[in-house]
Amino acid sequence: MVKYLDLKRVNAQYESEINEAVNRVLDSGWYLLGNENKAFEEEYASYIGTEHAIACANGLDALTLILRAYIELGVMAPGDEVIVPANTYIASILAITENGLVPVLVEPDPDTLQIDPSRIEEAVTPLTKAIMIVHLYGRCAYTRKIGDIARRKNLLLIEDNAQAHGCRYTGLSDSRGADEECVGKRTGSLGDAAGHSFYPGKNLGALGDGGCVTTSDKHLADTIRALANYGSEKKYIFGYRGRNSRLDELHAATLRTKLPHLDSDNGLRRKIATRYFNEISNPFVTLPPQTPEEENVYHIFPIFSDYRDRLQQHLAEKGIQTLIHYPVPPHRQKCYSEWRELDLPITERIHATELSLPLFPAMTSEEINLVIEAVNSFSPEKNVSECDR
Ligand SMILES: *Cc1c(COP(=O)(O)O)cnc(C)c1O
């Protein structure tokens, strides 16, 4: 049996360090907004390459707080539009509508699976205030063209970095040539502000929920910090109608022990991905587009097949757990019924054919072999009877 993600094994690698961190918090007698938060924020900002990091309760809150802060600062107002990839996880879009802003869904480029830069410009209207790029599956979505449009149209660039901690923009695959100013920078430092999630299954995962905003804009950082703390900049004085969104000291301490291992964990993910690229070969399966090494941290390894459901069943019979990211696109969800008439064929095709293979740092080479053999042995004809009965 190969699990899609064996979190127990992932965290067991750091068990003694995590125990030490948990004991440190217990002994400190201080459980919220203390030294662990402060130290984690400094260490994470320095890792990402921004001046500020503001820890919060989860990734959805991080994105929601960014947009809320821009509204409080008068940079945006409810009714304004935010461009976002149509094939993202629902949280990116929830953060927009939660603030009374209007998501404008833009199709991905089938060659990258990321928001299509050439479709962004035509989606810009006088109401557009921001582009939210999402580094989906762990791949850098930033391109020179996106940076150019944001600058030229005076739009904010917000990153959803929930799936791509540690990823960098290299410019090597940029069809317009590299954006020299951004070459080598990590995702989360490429735009005006970024939301990060430390959900347990993300590349940098806590033992529960966690999130963070990174930015080099001090004014924005101060506003977000206040909004996440009931709207208070000074104890018992409330400048905003804020919320409570904090990262527990326990999670901050755990994240601090895991952060120094993130790059090597991502290196292990890349090794597994390389094996999949080199060894999976099946005419009924399409592999994801390859990228320069540093531009992908393989949060998800998506493969595509017209026979996706049969393939998933075949893998299950061989003991391989897989997931679909995601079965139903946002514009087909009940909660966004106003988008029922939208025609987004590229997004729909991705959702109809995508299957995610197991990929996590603690995977053994035997497990990787099993996944490769199982995918290679798939044939839709063989599985017809079981699936179509
Ligand atoms: C996980 C995820 C989020 C939300 O993060 P949570 O911590 O679960 O709230 C947002 N965007 C994307 C792309 C994600 O994958």
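Analyst: Helices (H or I, at least four residues) and strands (E, at least two) are DSSP runs, numbered from the N terminus. On a 1 Å grid over the protein atoms alone, a cavity is a set of points where a 1.4 Å probe fits but cannot get out, and a pocket is an open set with protein on both sides within 12 Å along at least five of seven lines; lining residues have an atom within 4 Å of a point. This model is predicted: local features need pLDDT of at least 70, side-chain atom pairs count only at pLDDT 80 or more, and totals for chains, interfaces and linings use all residues. Residues are numbered from 1 along each chain as its sequence is written, and side-chain values use heavy atoms, with hydrogens and water left out.

User: Which elements each supply at least two residues of the lining of the largest pocket?

Analyst: They are α4 (59-72), α5 (90-98) and β6 (193-197). Of the elements, α5 gives the most, with four residues.

User: What volume does the largest pocket have?

Analyst: About 680 Å³. Grid points are joined across faces, edges and corners, and a volume is the space filled by probe spheres set on the points.

User: Which residues lie nearest the centre of the largest pocket?

Analyst: Y89, Y199, K202, H299 and Y326. The whole lining has 34 residues. By class, 20 are nonpolar, 10 polar and four charged. Here Ala, Val, Leu, Ile, Met, Phe, Trp, Tyr, Cys and Pro count as nonpolar, Asp, Glu, Lys and Arg as charged, and the others, Gly among them, as polar.

User: Where is the ligand?

Analyst: The ligand takes up the largest pocket. A molecule sits in a pocket or cavity if more than half of its atoms lie within 2 Å of its grid points.

User: Which residues are around the ligand?

Analyst: N58, G59, L60, Y89, A91, V134, D160, A162, Q163, S197 and K202. To count, a residue needs a heavy atom within 4 Å of the molecule. This shell has five nonpolar, four polar and two charged residues.

User: What about polar contacts?

Analyst: A polar contact is a pair of N or O atoms within 3.5 Å; within protein, one must be able to donate a hydrogen and the other to accept it, and residues adjacent in sequence count only if both atoms are side-chain atoms. A side-chain N or O atom of D160 is 2.7 Å from a nitrogen atom of the ligand. G59 uses a backbone N or O atom, 2.7 Å from a ligand oxygen. K202 has a polar side-chain atom 2.7 Å from an oxygen atom of the ligand.

User: And how much of the ligand does the protein bury?

Analyst: The protein buries 90% of the 380 Å² that the ligand exposes when taken alone. Accessible areas come from the Shrake-Rupley method with a 1.4 Å probe; for residues, only the protein chains shown count as cover.

User: Back to Y326. What is the peptide bond from H325 to Y326, cis or trans?

Analyst: That bond is cis, with omega near 10 degrees. Y326 is in the loop between α11 (308-317) and α12 (345-353). Most peptide bonds are trans.

User: Now the second largest pocket. What lines it?

Analyst: There are 20 lining residues, and L33, R225, N229, S232 and R246 lie nearest the centre. Two or more residues each come from α3 (35-48), β1 (52-56), α8 (218-227) and β8 (232-234). This second largest pocket holds about 450 Å³. Its lining divides into eight nonpolar, four polar and eight charged residues.

User: What is phi of L33, positive or negative?

Analyst: Positive, near 45 degrees, and L33 is not a glycine. L33 lies in the loop between α2 (15-28) and α3.
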